[in-house]
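Student: I'd like to go through this model with you. Can we begin with the aromatic residues?

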Amino acid sequence: YKEGIMIFKLALLNIKRNKKRSFLSSLSIFFAAIIIILAWGWIDGMLQNLIDTTIDFQTGTIKIASESYFKQEKFFPIEFYYPDKNYFIKTLSERLSKEFPKIKFEYEERLNIVSIAGKQDLSSTVIINSISSEKELTKYQVKRRKVEGNPEVGNKNVIIGKDLAKNLGLKPDDSFLLVTKTYLSGLNGIKVKVSGIVDFGIGSYNKSIVLMGIDDAKELAKLSINSFVQYLIFFDIKYVDSVLNSIKNLLSNSFSDSDLKAVPFSEGMGQIYGTMMMMKKVLVFVFAFILFLASFIIINTMMMNIFERINEIGTLMAIGTTKKEIFLLNFYEGSIIGILGGLPGSLIGYLIAFIMNKVGFDFSTLLSGYDMLMNYIIRPSASLPIFFVSLFISCFIPSLATIIPSRYASKLLPTEALRHL
């Protein structure tokens with residue numbers, strides 16, 4: 001134990017003897033650690049943006065609908081519905097609250113309808129997104145994102161995106177016609193009024209989305225008020241597997257006469273989700289490789305130190321210092337240099353990422369031309385797991401890199417090293 005302390009102190013003295021060289025080596029790890037946290041934060045933030053937006057606007061954490069609906073989901077079918085919403089939600093909520101009392105659940109009914117919006121000689125194909133609660137409406141941030149008017153839904157009032165309003169020449173309080181196919185395959189139309197025009201922050205939504213109260217949407221589709229096509233459940237995604245199993249058991253036991261099916265958000269996102277999770281795993285190895293490249297400066301520094309102090313190493317060996325102790329001396333020296341760069345680099349990188357996360361960056365100009373479900377405001381991730389993984393990589397990889405020069409030093413023969421005296 002005492003010998004180990006002495007070797008560690010000797011390693012610190014060696015670092016002080018070559019301050020400039022040690023500083024430059026630590027500086028390379030310092031900037032590499034910052035780059036890793038910021039790059040990882042940006043990529044993870046973009047992926048999380050896509051996941052959160054998809055969960056909020058399309059899939060929920062778990063979506064419940066008819067199996068026939070899921071087979072034709074991309075066509076927004078409305079003929080596959082369950083007739084008794086009140087009984088279903090009462091049974092489902094009681095089951096989940098009993099089995100998972102510590103999990104907070106939110107339930108939202110969704111109805112998406114493909115429709116034709118027209119005013120005079122202008123028309124456009126739109127998708128109606130129904131709103132079943134004021135809380136659901138807040139997810140669209142219509143108050144903050146409004147361009148004109150007083151955005152609200154219900155009583156034939158609707159909210160539309162700024163691009164759709166421009167295409168149809170609509171202003172707040174203007175009326176226009178919505179026509180769609182009903183669940184019976186007939187046609188129905190209702191006249192609605194624009195309560196507000198907003199910038200949804202999603203390019204495809206600004207061009208084609210109409211927000212409408214759930215009762216108005218059912219009237220347009222001629223569906224019963226007590227029926228539902230989709231029901232979305234929102235809760236912390238870390239519980240998704242256990243909650244999904246519970247819902248599947250409930251559907252098979254209590255609703256076996258229906259073809260209702262529960263689908264998690266990961267399945268609803270399709271291959272995109274699997275690809276994103278694979279990217280996150282690959283990133284760890286990519287960033288580890290970046291730090292390994294940065295660690296070559298430490299290898300170079302250590303090799304130069306060994307050649308400059310080769311006579312000292314010979315003297316130490318001659319007075320009985322073991323190969324293991326010579327190895328540890330150089331290993332400690334390189335590891336300390338790596339930690340002196342990796343620790344502050346990770347801390348400063350995390351601090352910058354945290355500030356960037358709070359501020360956010362508006363990519364509306366860049367993303368407005370793409371039809372992708374992603375919020376224009378991207379916030380780089382600043383999570384503690386990213387910090388600790390980056391800290392581990394930035395401290396471990398440099399230590400690993402010092403093994404090469406440390407082994408070289410420990411294999412020197414005393415007679416060979418003493419020739420340099």
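Tutor: A term to begin with: rings of Phe, Tyr and Trp (its six-membered ring) pair if their centres lie within 6.5 Å, and planes under 30 degrees apart count as stacked, over 60 as edge-to-face and the rest as tilted. This is a predicted model, in which local features need pLDDT of at least 70, side-chain atom pairs count only at pLDDT 80 or more, and totals for chains, interfaces and linings use all residues. Residues are numbered from 1 along each chain as its sequence is written, and side-chain values use heavy atoms, with hydrogens and water left out.

Student: Which residues form one aromatic cluster?
Tutor: Tyr 82, Tyr 87, Phe 88, Phe 228, Tyr 231 and Phe 255.

Student: And how many aromatic pairs does the structure hold?
Tutor: There are 22. One of them is Tyr 69 with Phe 70, edge-to-face at 5.9 Å centre to centre and 75° between the planes.

Student: Is Tyr 69 buried or exposed?
Tutor: Tyr 69 is buried, because its relative accessible area is 2%; buried means under 20%, exposed over 50%, partly exposed in between (1.4 Å probe, protein chains only). Phe 70, at 17%, is buried too. Another pair, Tyr 140 with Tyr 205, is tilted, at 6.5 Å and 35°.

Student: Where do Tyr 140 and Tyr 205 sit in the chain?
Tutor: Tyr 140 is in the loop between α5 (134-138) and α6 (142-145), and Tyr 205 is in helix α8 (residues 203-208), 65 residues apart. Helices (H or I, at least four residues) and strands (E, at least two) are DSSP runs, numbered from the N terminus.

Student: Now helix α4 (residues 85-99). Which of its residues are buried?
Tutor: Lys 85, Phe 88, Ile 89, Thr 91, Leu 92 and Leu 96. Seen down the axis, these buried residues fall within an arc of 165°, so they line one face of α4; the arc is that of the directions from the helix axis to the C-beta atoms.

Student: What is on the face turned away from that buried side?
Tutor: The exposed residues Asn 86, Lys 90 and Lys 98.

Student: What does the side chain of Ser 115 reach?
Tutor: The backbone oxygen of Val 179, at 2.8 Å. Beyond its neighbours within four places in sequence, Ser 115 is in contact (heavy atoms within 4.5 Å) with residues including Ser 124, Ile 128 and Thr 180.

Terms used: Polar contact = N/O pair within 3.5 Å; in protein donor to acceptor, adjacent residues only side chain to side chain.
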